[in-house]
Amino acid sequence: MAKTNKTITQWLRWPVHLRITIIVMFIILVSGELISLVEPKEFPTTFDGIWWALVTVSTVGFGDYVPTTYIGRTLAMVMILAGASFVTAYFASISAAAIRKQHRYLEGLVSFSGENHVVLIGWNEKANEMIESLKCVKPYKQIVLIDESLKESPLIENVHFIRGNPANDHTLQKANISKADAAIITADQHKNEQEADMHSILVLLSLKGMNPQLYCVIELLTEQQANNASRAGADEVIKTYKLASHFIMSSYLAKNGLSHFFSELNPASGNLFQILPVSKSIIGKSFREASHVLLEQECILIGIKRGEQTKVNPPLSYKINAEDSLIVFTH
């Protein structure tokens with residue numbers, strides 16, 4: 001009795017559509033075998049009986065095989081009543097399962113199984129703009145969006161939505177963070193500046209804890225947490241307050257529509273900033289000479305990165321070393 005109960009329990013744990021499929025297949029096979037025994041003239045082989053059972057239960061009914069005896073017709077009626085109901089239940093369960101999965105996907109409950117993707121933390125206008133830019137620069141790059149405030153997916157192509165706290169290990173596991181290429185942490189727009197920065201640092205610690213090699217870019221709204229972001233392992237710290245204030249002040253000083261120029265800095269327009277290693281042909285040359293060389297390659301030399309120091313538009317006589325990196329603007 002205990003063994004029977006265990007078998008029934010294991011059977012009930014199987015997915016509904018799988019159980020119904022097994023029952024339907026059993027009805028078709030048994031009915032096909034029985035009809036070939038009851039009416040051997042009309043159904044000369046077992047396969048003919050199974051074929052008839054299949055097209056009858058599925059309500060297709062080609063009519064190429066028809067039982068003629070009372071016993072055969074009685075068997076057909078029992079099979080139709082039993083089989084057709086299970087077939088209907090089968091398709092209903094399949095449809096319900098598909099709808100449930102679609103709802104789970106919209107609600108951000110489905111885990112991501114891809115690799116080499118970009119994890120974007122936080123949904124806001126900046127995140128939307130970054131997604132549009134990345135779609136233009138790398139159209140096939142998969143993006144996993146993690147946000148706790150969204151009720152359902154924004155339904156953007158190549159964007160997999162996961163709803164949850166990005167500082168939670170379970171949420172990051174659903175985003176397959178161990179196989180991700182990079183993570184971008186945007187400031188939480190629902191918190192004040194100090195709280196948003198502290199939350200971003202906590203998310204960064206969680207990301208680096210689960211994938212120390214992950215390239216992480218973090219947005220900060222205040223100066224207080226800049227050192228903590230570096231200590232936590234941020235590969236790039238974007239100080240939004242400085243960038244915005246610099247652009248606003250530059251626009252004020254220019255007084256001639258400089259904001260239109262800033263909009264062209266969007267990677268989606270084809271204009272990219274890049275940091276390139278120094279080639280042998282440029283080592284020892286001046287900034288002026290290196291600029292001419294790069295112009296031939298349709299690149300504009302903007303500055304030099306030497307260790308932790310960055311010099312934008314240095315003196316024309318500035319000598320370039322082998323350890324330097326070139327900051328260029330390409331199209």
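This short talk describes the nonpolar cores, a surface patch and several individual residues of one structure. Please keep in mind throughout that the model is predicted.

Let me begin with the interior. In soluble globular proteins, nonpolar side chains tend to be buried together. In this model, the largest nonpolar core contains 25 residues. Val 119, Ile 146, Leu 207 and Ile 218 are the ones with the most contacts inside that core. Which elements each supply at least two of its residues? They are strands S1 (118-121), S2 (143-147), S4 (182-185) and S5 (215-220), together with helices H7 (193-210) and H8 (226-231). Helix H7 gives the most, with four residues.

Setting aside residues up to four places away in sequence, Leu 207 touches Leu 172, Ile 177, Ala 183, Ile 185, Leu 214 and Cys 216. Another core, of 13 residues, lies apart from the largest one; its members include Val 24, Ile 35, Trp 52 and Val 87.

Phe 47, Trp 51, Leu 54, Val 60 and Phe 62 make a nonpolar patch of about 530 Å². Leu 54 belongs to helix H3, which covers residues 46-57. Is Leu 54 buried, partly exposed or exposed? Its relative accessibility is 41%, so Leu 54 counts as partly exposed.

Next come two residues in the region of helix H8. Gln 225 is found in the loop between S5 and H8. Because its relative accessibility is 16%, Gln 225 counts as buried. Beyond its neighbours within four places in sequence, Gln 225 is in contact with Asp 197, Met 198, Ile 201 and Leu 220. Ser 230, by contrast, is found in helix H8 itself and is partly exposed, with a relative accessible area of 48%. Between Ser 230 and Gln 213 there are 17 residues of separation in sequence, and their C-alpha atoms are 15 Å apart in space.

Asn 176 is not a glycine, yet has a positive phi of about 55°. Its place is in the loop between helix H6 (169-174) and strand S4. Asn 313 likewise has a positive phi, of about 50°, although it is not a glycine. This residue lies in the loop between strand S9 (309-312) and strand S10 (325-330). Asn 313 is exposed because its relative accessible area is 56%, over the 50% cut-off.

Conventions
Residues are numbered from 1 along each chain as its sequence is written. This is a predicted model: local features need pLDDT of at least 70, side-chain atom pairs count only at pLDDT 80 or more; totals for chains, interfaces and linings use all residues. Side-chain values use heavy atoms; hydrogens and water are left out. A nonpolar core is a set of buried Ala, Val, Leu, Ile, Met, Phe, Trp, Tyr and Cys residues joined through side-chain atoms within 4.5 Å. Buried means under 20% relative accessible area, exposed over 50%, partly exposed in between (1.4 Å probe, protein chains only). Contact means heavy atoms within 4.5 Å. Patches are made of residues with over 30% relative accessible area and no salt bridge: like charges are joined within 9 Å, nonpolar side chains (Val, Leu, Ile, Met, Phe, Trp, Tyr) within 5 Å. Accessible areas come from the Shrake-Rupley method with a 1.4 Å probe; for residues, only the protein chains shown count as cover. A salt bridge is a side-chain nitrogen of Lys or Arg within 4 Å of a carboxyl oxygen of Asp or Glu.
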